[in-house]
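Biologist: Hello! Could you walk me through a few spots in this model, step by step?

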There are 2 protein chains.
Amino acid sequence: MRTSIATVSLSGSLTEKLTAASRAGFDGVEIFENDLLASPLTPEEIRARCADLGLTIDLYQPMRDIEAVPEDEFARNLRRARHKFQLMNRLGADTVLVCSSVCPHAVDDDALAAAQLSRLADLAEDFGIRVAYEALAWGRHVSTYDHAWRLVETAGHPALGTCLDSFHILSRGSDPKGIEDIPGEKIFFLQLADAPPLAMDVLQWSRHYRCFPGQGGFDVTGLLGHVLRTGYAGPLSLEVFNDVFRQAEAGPTAVDAHRSLLMLQEAAGTVAPPAPVVPTGVAFAELVTPDAEPVAAVLGALGFARTARHRGKPVDLWEQGEARILVNTGAAARRDGTTLAAVGLESPDPAGAARRAEALLAPVLPRRRGPGDAPLEAVAAPDGTELFFCATGRPELPDWRADFADVPGARRPDRAARVDHLALTQPWHHFDEAALFHRGVLGLDAQDSVDLADPYGLLRSRAVRNADGSVRIALGVGAAPTDDTVHAQHIALAVDDVVTAARRFRAAGGRLLPIPANYYEDLAARHDFAAGELESYRELGILYDRDAGGAFRHCYTSTVGRVFFELVQRDPGYRGYGAQNAPVRLAAQHTQS
Amino acid sequence: MRTSIATVSLSGSLTEKLTAASRAGFDGVEIFENDLLASPLTPEEIRARCADLGLTIDLYQPMRDIEAVPEDEFARNLRRARHKFQLMNRLGADTVLVCSSVCPHAVDDDALAAAQLSRLADLAEDFGIRVAYEALAWGRHVSTYDHAWRLVETAGHPALGTCLDSFHILSRGSDPKGIEDIPGEKIFFLQLADAPPLAMDVLQWSRHYRCFPGQGGFDVTGLLGHVLRTGYAGPLSLEVFNDVFRQAEAGPTAVDAHRSLLMLQEAAGTVAPPAPVVPTGVAFAELVTPDAEPVAAVLGALGFARTARHRGKPVDLWEQGEARILVNTGAAARRDGTTLAAVGLESPDPAGAARRAEALLAPVLPRRRGPGDAPLEAVAAPDGTELFFCATGRPELPDWRADFADVPGARRPDRAARVDHLALTQPWHHFDEAALFHRGVLGLDAQDSVDLADPYGLLRSRAVRNADGSVRIALGVGAAPTDDTVHAQHIALAVDDVVTAARRFRAAGGRLLPIPANYYEDLAARHDFAAGELESYRELGILYDRDAGGAFRHCYTSTVGRVFFELVQRDPGYRGYGAQNAPVRLAAQHTQS
């Protein structure tokens with residue numbers, strides 16, 4: 001089906017919005033009136049610009065407060081409409097959105113409303129224009145889609161149809177099943193938006209917190225199913241008012257938006273991109289650093305051994321059990337200290353995973369490989385992290401480890417260890433998108449978003465994971481675009497016994513993050529511990545949490561650049577990441593920094 | 001009355017919070033448990049720190065999910081409470097806050113709840129501690145203050161009283177009159193917070209959007225009156241959870257907080273600071289600039305004449321009618337281009353205005369005057385703008401103009417002009433506070449806050465004014481802390497005929513902000529204009545708005561540094577500032593920049 005986006009969903013000038021929509025792959029746009037008014041381009045120039053960009057103008061919107069008013073006011077409204085229809089002819093737009101009136105003079109008279117809508121449609125027809133009438137959730141007398149449809153049906157005018165908007169329908173709690181009672185050809189337009197479950201005043205909710213389908217809590221897929229069963233064949237159009245997107249760059253937002261429509265269509269069965277290939281483990285995490293020494297010191301103390309070196313690049317492989325860390329000192333472009341720059345994901349089908357990613361608009365990274373390098377498929381996540389699709393130790397597929405030569409005499413440590421989870425800092429303006437990306441591109445499941453109180457602001461974190469928990473990625477974001485208090489990038493290692501692991505780390509010269517004594521007095525008040533248990537935790541700075549499924553014990557190393565490590569002893573049933581302890585950990589990290 | 005603040009209301013480490021509270025003049029604090037847990041200080045050290053800072057610890061909080069549970073769970077709760085009571089003894093805190101349970105195991109059994117609260121009070125009494133029981137607005141079975149009081153009354157225990165919280169009471173829409181039925185000595189604590197009228201889920205509303213009294217929409221003063229009539233003599237304590245304050249510097253937030261308590265007490269009649277002295281006009285606006293030329297060019301084209309020069313500093317006075325602009329090229333410290341740095345306000349009693357400002361914690365600026373300078377009282381607004389209290393041309397008082405010597409041969413223009421309003425950019429983290437400052441310190445009234453759509457984010461603006469509109473200040477803030485898209489600092493000049501004024505400006509070489517033709521087609525669709533009227537507007541870039549009281553016509557000059565001018569023709573009954581046109585104006589300014 002054709003895809004469209006309202007210009008109000010993107011930031012910038014009208015030209016910037018149109019360019020971003022076209023580049024992201026949209027077929028058309030809704031021109032939002034304020035964007036046109038503020039543009040120095042004439043309607044004819046906008047029309048030509050859209051044509052150049054391969055965009056149709058699917059809708060002009062909104063026309064407000066038209067119907068169910070006294071005759072003299074309606075006459076003024078028709079005069080206003082005539083002006084707008086002339087404008088639309090110049091623009092080359094053939095459908096106008098009319099929202100149900102919020103005017104204090106509007107009367108509760110369906111017959112009058114239908115008659116006036118019919119007269120408006122008469123005028124529109126003279127200009128070759130169709131009127132799509134929509135119920136605003138906060139409309140004065142018409143606030144539900146079925147009521148709007150009854151008026152359209154009563155009017156019975158060929159140039160009058162209805163516009164459905166998933167936000168207005170689902171925010172009111174209306175049952176969308178009734179959509180199937182509307183003939184598809186009378187649904188002139190379909191606007192799609194999602195929203196987080198906020199339970200707030202619907203007007204504020206709509207104007208500031210809408211998001212793209214799949215980012216919120218509405219069953220947009222279900223609604224689309226009802227619409228498709230009517231035979232609706234018009235565009236799927238996104239109309240999102242969101243304070244964060246208003247500030248974000250239009251280009252990435254448009255890509256995020258188009259990806260959400262692809263996922264929605266896939267769920268509704270109207271498109272079939274390559275199926276997701278869910279990763280089955282973490283092959284490696286790659287740290288980029290200007291100075292390998294401090295990283296090597298921490299890795300060594302954690303029990304890792306430097307086992308191999310890349311044949312063509314200054315990249316070392318460190319191993320312990322199933323955990324593998326690459327230390328890259330060669331990426332000269334990176335000037336922001338030590339960062340977690342890439343993640344290797346074990347994939348049952350690396351080529352298929354890359355095809356899926358590309359179909360879902362993930363930027364495919366060029367394979368910069370030297371002679372003899374294994375061909376490695378990779379894409380960039382929204383935060384810039386490079387995601388590699390790997391097949392480790394499977395003879396039938398190229399192995400990334402073939403690029404590495406063993407360090408002579410190196411001994412692989414025999415201790416069990418693997419990556420429990422990785423934590424990545426997300427760009428502030430694309431946090432909601434990050435979870436959708438990982439769901440759509442990698443086929444991971446998103447867990448609930450949690451707030452974490454940092455001494456200098458509230459952070460948010462949302463984890464994505466595969467079914468067996470062998471891949472877990474915690475996506476974190478600061479309290480504001482400027483936030484530099486986020487200590488979020490880290491590698492958490494699963495160990496069998498965190499007390500033993502922490503003691504070994506310290507004995508090997510590693511520095512653990514000290515946790516205040518007050519925290520342990522609180523633990524003692526809340527839980528029973530075996531004799532000596534709490535004393536060990538206090539001594540080592542081990543934090544403790546518990547949910548219905550079990551306990552979680554964890555401690556942190558000091559930070560190198562922007563990265564630190566966590567040692568994690570997770571009971572199999574425990575689902576979380578110790579969010580309850582985050583305020584104490586964050587405060588301790590501020591004290592250290 | 002004694003004033004107190006919960007540590008959770010301020011950002012930073014516990015030490016930073018305590019220091020900020022003490023410096024702002026609070027008498028005591030509520031220690032929020034998470035702040036203690038995250039602090040490396042022992043309870044004894046915290047106690048000593050508070051004593052050093054002159055702060056009492058008025059409350060330890062919160063203790064959650066205590067009552068109305070099965071006996072085995074209650075036994076565990078008592079064990080937890082014992083730990084906390086021991087801690088409180090070390091801390092020197094004698095009152096603990098217990099909030100009504102949100103525990104899923106809690107049962108709806110008032111008798112059980114009262115009995116268990118009584119047993120908790122028994123234990124508390126052993127430690128010399130009082131239990132203040134509070135109804136959370138989202139408590140599982142107890143969610144109203146009168147219900148909490150009934151349980152306390154039933155328990156009838158001397159160590160058990162109630163805690164009242166204005167947010168929990170007013171957010172539920174409870175009638176606070178019933179507070180007067182509670183004996184004052186059984187109200188163990190009073191927490192005060194305001195909140196904007198958001199109509200959202202009460203838990204989210206409470207955790208993220210609380211604000212200080214006078215910043216929101218609750219009648220906190222009325223509630224305080226009911227509490228005072230019971231004979232309550234404990235502290236007035238602020239407990240505010242706010243995502244913005246969490247990021248703001250603790251020092252200014254604590255001052256803002258204490259000012260709000262002073263204003264609340266003044267309204268309730270328990271303190272009587274010097275009365276506000278409402279300004280009666282704008283004496284001058286002062287631009288600080290590294291280069292006087294561009295500013296002089298715009299002022300000249302607007303019809304101002306350079307009439308006088310300061311006797312001791314590089315400051316010129318430009319005049320036109322009653323509008324006066326100072327152009328200061330001497331403030332070497334200012335390196336951020338041309339800014340609107342100071343405002344002179346006509347004051348019926350400059351010394352009284354300064355006493356009021358000082359009593360309300362406005363930073364009083366040192367009077368840096370040379371020999372012969374008029375003594376000029378001044379304070380700093382939250383955005384750093386210097387506010388001078390002036391008496392222009394009143395022989396009985398020192399006149400700031402006495403510091404200026406006439407420019408030989410300069411002729412005062414005979415055209416009428418005066419300042420319609422000034423627009424000042426506010427620091428992002430203190431926007432709500434700015435309006436409270438101008439209300440409290442200057443005695444101005446705050447108008448409603450409006451959202452303005454900029455192409456790159458949503459701005460907010462809120463105006464303060466005196467009764468006759470001779471002083472109007474629009475306080476604006478960007479969409480985010482980083483926002484550099486705000487073109488908000490400006491001086492609006494009231495003129496009798498904006499078309500004539502704009503033509504004169506242009507004829508004199510001034511550059512007007514061009515407004516897109518599309519805007520005028522929309523005006524034509526919405527309003528009737530006299531012949532030729534709209535053409536003049538289009539030619540000159542004049543914007544048009546209308547409310548129930550009349551019309552508003554306005555246009556903008558190009559920007560110099562961070563400042564521009566607006567020419568305003570305001571019908572007497574029009575209340576606004578052309579907010580409807582702001583998106584078009586902002587987009588045009590982005591196009592120019």
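Modeller: Gladly! A polar contact is a pair of N or O atoms within 3.5 Å; within protein, one must be able to donate a hydrogen and the other to accept it, and residues adjacent in sequence count only if both atoms are side-chain atoms. This is a predicted model, where local features need pLDDT of at least 70, side-chain atom pairs count only at pLDDT 80 or more, and totals for chains, interfaces and linings use all residues. Residues are numbered from 1 along each chain as its sequence is written, chains are lettered from A and ligands numbered from 1 in the order in which they are written, and side-chain values use heavy atoms, leaving out hydrogens and water.

Biologist: Which backbone oxygen does the side chain of B:Q447 reach?

Modeller: Start in strand β18 of chain B, residues 445-454, where B:Q447 is found (strands are DSSP runs of E, at least two residues, and helices of H or I, at least four, numbered from the N terminus). At 3.3 Å, its side chain reaches the backbone oxygen of B:R575.

Biologist: Is B:Q447 buried or exposed?

Modeller: Buried means under 20% relative accessible area, exposed over 50%, and partly exposed in between, with a 1.4 Å probe and protein chains only. B:Q447 has 14% relative accessibility, so the residue counts as buried.

Biologist: How are α1(A) and α11(A) oriented to each other?

Modeller: These helices pack at an angle of about 40°, with their axes 8 Å apart. Axes are lines fitted to C-alpha atoms, for helices over the stretch in contact (heavy atoms within 4.5 Å), and angles run from 0 to 180 degrees between N-to-C directions. Angles under 35 degrees count as roughly parallel, over 145 as roughly antiparallel, 65 to 115 as roughly perpendicular and the rest as oblique. Therefore α1(A) and α11(A) are oblique.
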